[in-house]
Amino acid sequence: MNTIRILAVDDHPLLREGIAALIAGQPDMQLSAEASTGMEAIERFREFRPDITLLDIQMPGMGGIEALIAIRSDFPDAHVIILTTYGGDALAQRALKAGAHAYVLKGSVRKELLDTIRSVHLGHKHITADVASALAAHRGGESLSSREIDVLRLVAAGNSNHEIGLHLSVSKETAKAHIKHIMAKLGANDRTHAVTLALARGILPSVGE
């Protein structure tokens, strides 16, 4: 039996300990290395060349998606499983587009992780059912542009249309038009609703993930 060598990347030590405990009881798996940041993830990958990388999507500094892109640019055959608390479709789409083979919610780790590791090692892809449903629900919907996401971040921070215009060097009317387009794309009733929907879908990161 070939042992599946695993790199676990998460900025929360307790989660890494939980993953280590899960893997320790599996005769076909070995936790080869750990990392707590995106930069460490890249370094550990180059050093250990794991069969599977478990990668947290939200970390201080370089996030999981940026680390995933960097790893796969040098090692296109890297098999990466994203671990996250986010069930939103937008973040999942970014991760899958960047080359993730699986997307697993942290709340499902005990139930799904081991089978997902084995499945991805065999070349399959896996998405948690809740995330798959979110992706299906918004398939074909219009995505926000990078400028619209910038505007939404400023809205979430409590800025007025005038203040948003100053931040982005546009007029108050242009900022207002951007917000109107954002609300239409998200199906939001007002500015606060737009921010709430963006957080739920992972378009904007929530604080403290």
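## A residue in strand 3

Thr53 is part of strand 3 (residues 52-56); strands are DSSP runs of E with at least two residues, and helices are runs of H or I with at least four, both numbered from the N terminus. The relative accessibility of Thr53 is 0%, so Thr53 counts as buried (under 20% relative accessible area, with a 1.4 Å probe and protein chains only). Apart from neighbours within four places in sequence, Thr53 is in contact with Leu7, Val9, Phe45, His79, Val80 and Ile81, where contact means heavy atoms within 4.5 Å.

## Basis of the model

This is a predicted model, in which local features need pLDDT of at least 70 and side-chain atom pairs count only at pLDDT 80 or more, while totals for chains, interfaces and linings use all residues. Residues are numbered from 1 along each chain as its sequence is written, and side-chain values use heavy atoms, leaving out hydrogens and water.

## The chain as a whole

The protein chain contains 10 helices and 6 strands. Of its 209 residues, 46% count as buried. Among contacts in the protein chain with a separation of 6 or more, 65% join residues 24 or more positions apart.

## Helices 9 and 10

Helix 9 (residues 172-186) and helix 10 (residues 191-201) have axes that come within 10 Å and cross at roughly 55°; axes are lines fitted to C-alpha atoms over the stretch in contact, and angles run from 0 to 180 degrees between N-to-C directions.

From helix 9, Ile179, Ile182, Met183 and Leu186 meet Arg191, Ala194, Leu197, Ala198 and Arg201 of helix 10.

Terms used. Buried means under 20% relative accessible area, exposed over 50%, partly exposed in between (1.4 Å probe, protein chains only).
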